[in-house]
Amino acid sequence: MSHQKLSIESKCIHAGIGEYEYGPVVPPIYQTSTFKFQSVEHGAKLFKGEENGYIYTRMGNPTIEAMENAVAELEGGYKSLGCASGMAAIHTTLATFLVSGEHVIVSESVYGPTATLIKNVLSRYGIESDFVETANLDKVKNAVKPNTKMIFIETPGNPTLETTDIQTVAEIAHENGARLVVDNTFMSPVLQRPFELGADVVVHSMTKFLNGHADVVAGIIVTKDEETYASLRKMLNQLGGTIDPFNAFLVHRGLKTLALRMKKHCENAQKIAEFLEAHPKVEWVRYPGLKSFPYYETAQKQHYGPGGMISFELKGGLEAGAKMMNSVKLCQLAVSLGGVETLIQHPATMTHASMGKEAREAAGITDGLVRLSVGIENVDELIEDLNQAME
Ligand SMILES: *Cc1c(COP(=O)(O)O)cnc(C)c1O
């Protein structure tokens, strides 16, 4: 049955499921590194691409492919490539489309290790970069150079939730012969589908919402045509950052509840953001579902829901924030995000420590900023916990 017309909720359940021996309703775990050929001739045909089939798991595996097809379908893309981590997906994408002497424009509030990879590693291979506030479209236009081949945005940004207008940035990229890559980790395809807005490649850390259960590290690159897919496939085979079948199985299992989970993340986060905004000890709150959100218009235009991520600062800054983070009981003090459990963390000393204070300040990451990844627990109990921790 074609899933084209199905809702995202139904796609989550059925996407990527094929036909397998004995008729299981979920894809079996083909936990094998290699696949037997029927003959020398058969092996040769597989290697030449004259026949479809599997050779070696780094190059393809049915369990991995089932999950890849599911994510591609949810994003409205063509095919995707499962990776060992979000960073493997990002590295593979950058290495595929940028060569020495080319330039990439990157969102200033990008995930810390993405920034470090571009600034400290890819720079050694002659790749030039500029980090700009991509929510400001003039700044994006002004950053374009004759050798700009890619714009890499993360929206909403981490942890400031700075929201970039995907459609307009796609236009800027295409007018200048560059590709637009979007890190869609914070929203998932349930809440934001960058291909609908003109993106060329979508990447995710599936460690976060897509898997959703804090028990897998994985990433994915989603493409929208065969040419892009084939170049990425070749590079991933060389770089080797492929996902393994068991993790692919777990992610595919997580995807089934993605729409359900995202709905609950949004409901809970909206209530918590409103609670925080009304609390006398809170200096400011940023959440795409609040009217006070600085990028409210853009968020309304391109999101199917406000998401599960909140950033805020207490009056009394870092000291008050630290006290609160040390006093939570139901919320857990840990990095990562997008899981069923509520996590609280401090970007300046944790996820964004490696950026350095200057770069953090430029990106709006104050020392007192607290990041909350709202889970799917009972929201009244979460609010009670945050409240007691602030007292
Ligand atoms: C976590 C994260 C990554 C990196 O993913 P890993 O799976 O940890 O390698 C990239 N981008 C964003 C937005 C993330 O939150």
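Where does the ligand sit? The ligand sits in the second largest pocket. A pocket here is an open set of points on a 1 Å grid over the protein atoms alone, with protein on both sides within 12 Å along at least five of seven lines. To sit in one, a molecule needs more than half of its atoms within 2 Å of the pocket's grid points.

This is a predicted model, in which local features need pLDDT of at least 70 and side-chain atom pairs pLDDT 80 or more, while totals for chains, interfaces and linings use all residues. Residues are numbered from 1 along each chain as its sequence is written, and side-chain values use heavy atoms, with hydrogens and water left out.

Start with the whole chain. The chain has 15 helices and 12 strands, which are DSSP runs (H or I, at least four residues; E, at least two) numbered from the N terminus. Its C-alpha atoms fill a box of roughly 75 × 50 × 35 Å along the principal axes.

Now turn to the ligand. Around it are 13 residues, of which Gly86, Asp183, Ser205, Thr207 and Lys208 come nearest. A residue counts as near if one of its heavy atoms lies within 4 Å. Helix H4 (residues 86–97) gives the largest share of this shell, 3 residues.

Polar contacts (N or O atom pairs within 3.5 Å) follow. Asp183 places a polar side-chain atom 2.7 Å from a ligand nitrogen. Thr207 has a polar side-chain atom 2.7 Å from a ligand oxygen. At Met87, a polar backbone atom is 2.9 Å from an oxygen atom of the ligand.

Key: A polar contact is a pair of N or O atoms within 3.5 Å; within protein, one must be able to donate a hydrogen and the other to accept it, and residues adjacent in sequence count only if both atoms are side-chain atoms. On a 1 Å grid over the protein atoms alone, a cavity is a set of points where a 1.4 Å probe fits but cannot get out, and a pocket is an open set with protein on both sides within 12 Å along at least five of seven lines; lining residues have an atom within 4 Å of a point.
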